[in-house]
Every structure is written in C-alpha cells, then in structure tokens.
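Here's a quick briefing to get you started. Take a look at the sequence and structure, then read on.

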Amino acid sequence: DQKINILSIESSCDDTAAAVLCNGKILSNIVATQEVHQQYGGVVPELASRAHQQNIVPVIHQALAKANIDKKDLSAIAFTRGPGLMGSLLVGTSFAKSLAMGLNIPLIEVNHMQAHILAHFIEEEGFDKPEFPFLAMTISGGHTQIVKVTDYFKMEVIGETLDDAVGEAFDKSAKILGIAYPGGPLIDKYAREGDPKAFKFPKPKVDGLNFSFSGFKTAVLYFMQRETKKDPEFIEKNLKDICASIQYTIIGILMDKLKKAVKETGITQVAIGGGVSANSGIRQALRDAEGKWGWKCYIPKFEYTTDNAAMIGIAGYHKYLKQDFADFDITAQSRYKF
Ligand code: KG4
Ligand code: ZN
C-alpha cells in the first residue's frame, strides 16, 4: 500500500491555510484567519497579502507537526492557483513552488472553485460521496455558480452571477443593518429567531440559470431608508424579522435556480459548497428537497464550507492519481475559469 502524502496550501483571499492528507484522509487542517480586515468592513487586498507572508511559514509548520509527518515523506505540494486576489495568490504560489523545488517533488495546481466542490470527496467516516454526474452550487463571498460535474475535473459552469456574489448580498445587507463584517453568519443567527415572511423583498428576474444580486442589496437599502424615516428605531425593533426575511428571499433565489437546473439536466444529486453553504437556511432547504422532490443532497461539514486547505489537498490527491503535475514556471491566475 503506497502512502500518498499531499501538503496543500490555500491563500486565495484572507485565510492562510495548510493541510496534510494521506490517501485522501485528513491528517491536519490548519487555518489562520486574518482579523485585520474586520475594521475596514471588507478584505483589503494589500493587507491580506502581507498577512499571508507572515502566516504562511507558521501555518505550514503547524500542519506538518500536527500530521506528524516529515517533509521528506511528502509526495507532492498542491496549491491554489486561482481564482482570487493576485497579491494573496502569489504568496501561496511562490511558497509552493519553492518548497516543491527544494524537496524535489511534484507540484500540483488547483482551481479554488473546483476544490470547493471536490471537498465532498474527502475521506471521512459517515459521509457519502457524490456519484457522477451531480450538480454543485458553489456559494461564497466571491462566487455564485451552478456547476455540472461529470468527473473529478470535468466540470461545466451552467449558471453564475452576473454581478455580486450571494455572500456579498448577505454581507452588504448586514452592513446596511449596522452588523459587523462579515455579516452572513450573524444574519443567519438572528434569522433563526425571526419571521421569514414579516417583510417582502423582490427577487431579481434573470434569464436561464444565472443570478443577479446587486439589485437585491439596493432594494434592502431603499426599504430601510424608507422605514427608518418613519421610525428611526425600525431596524433595532425588527432586526430578527428583517434578517429572517432577507435570508428567506436569498434562499428562495438560490433554490429557484437549483430547481430549474435539476429540471433542465435531469440530475437530482445536488451538492453545495463555499462559505454561504454554512447557512442554516440553505442547509435546511436542501434537506427538505430530499423528502419533497426526491433529490439526494450533499451538505459539507462546517469546517469545509469556508476557505480551507483540505479541499485543495483532496483536489491535489486526485490530480496526483492522474499524474497531472504543474510545470515550475506556472503563475497565479486571479481569474481562473475551468
Ligand atoms: O468561501 P468563503 O469563506 O470565502 C470566499 O471565497 O468568499 O465565503 C465567505 C462568505 C462571506 O460572504 C460570509 O458572510 C458568508 O460566506 N457566510 C455566510 C455564513 N457563513 C459564512 N453567509 C450566510 N450564512 C452563514 N452562516
Ligand atoms: Zn472560497
């Protein structure tokens, strides 16, 4: 039995992460979340890049130590090539290249969005893996896509946002309500105690399987401006109902398109991934879909929803099995379609 040990590095946005996987099983999975951005209400690219520089060595040391693995036993280094912030990607890319060169082992480049989907293939007790073909909806602060997955690296984007990502719809709505960045998790928390039908927000009309969220945040803004003019304490008094109504509308938008995708493709296996897949409402909507419409849904563990290196590692492992290695002159790509 050959042991394939992959060290993986993720640095596409504001999390510096490293993991070690042995034959697709996690030995360690370390994330250093950058706190500097909170005071700015969003990720500041220049600060993210600097923080990656500071974090990357200790994070990789921790990942190797926790996995109890010596560098000389690594089979390959996998890294996020893109999409993401260029200054952030460059830190992980340069580090991965140097380390693979120094250790004289193969280098594997990974597409971050594919990795969010492949996270479902991490070897884990009690978790079913999707069977091909399946649909994957990747929902995060940077992306909103519906992807038809016919094999590990055979993926086709069949729908995506034309403007803002769904995570931005959460975060920008939160900002309007005076909730600190990133507001998604807090909207989720308040929503659990509110009435989802208390207020009505419009759903955008977009053709096909594509999404649009920029009009949604504007609708939220105008609604709050109108109501706080009548009652300055409107938001404080109704915060839970507002959050529940916002979340209900966003989930409705996502589920409408997912239903349409299932209908058009005839594929009833559906997986979700990305930061917004941590949302309790979307998780429940998918569980309900199993009973209501006979779908089979794959909902990731919380630690694999937001950015992490374990998902880069599992993608790297499946490329390793195909001996799909990168050249050492490879560069980071901030826009990286697949
Ligand atoms: O995947 P991720 O960590 O980073 C990106 O690649 O963007 O996603 C972060 C996004 C943020 O917009 C955050 O507000 C959102 O995921 N998010 C949530 C929840 N947890 C994280 N949105 C709604 N409900 C949640 N529970
Ligand atoms: Zn992500």
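**Getting your bearings**

The protein chain splits into domain 1 (5-120 + 307-321) and domain 2 (129-300), with bounds taken from an automatic or database domain assignment. Keep in mind that this is a predicted model: local features need pLDDT of at least 70, side-chain atom pairs count only at pLDDT 80 or more, and totals for chains, interfaces and linings use all residues. Residues are numbered from 1 along each chain as its sequence is written, while chains are lettered from A and ligands numbered from 1 in the order in which they are written.

- The C-alpha centres of domain 1 and domain 2 are 27 Å apart.
- Domain 1 puts 12 residues into the contact and domain 2 puts in 20 residues (contact: C-beta atoms, placed from the backbone, within 7 Å).
- On the side of domain 1 that touches domain 2, helix 3 (residues 112-118) gives the most, with five residues (helices are DSSP runs of H or I, at least four residues, and strands are runs of E, at least two, numbered from the N terminus).

**Around ligand 1**

- Ligand 1 has 19 residues around it, and S140, G141, G167, G184 and G275 come nearest (near: C-beta atom, placed from the backbone, within 6 Å).
- Helix 4 (166-176) and helix 5 (184-191) each supply at least two residues of this shell.

**Paired strands**

- Strand 6 (residues 134-139) and strand 7 (residues 144-151) run antiparallel, joined by six bridges (pairing takes at least two DSSP bridges).
- F134 has V149 in strand 7 as its bridge partner, and a hairpin of four residues joins strand 6 to strand 7.
- Strand 7 also runs antiparallel to strand 8 (residues 154-160), with six bridges.
- V147 stands opposite V157 in strand 8, and a hairpin through two residues links strand 7 to strand 8.

Notes:
Two residues are in contact if their C-beta atoms, placed from the backbone, lie within 7 Å.
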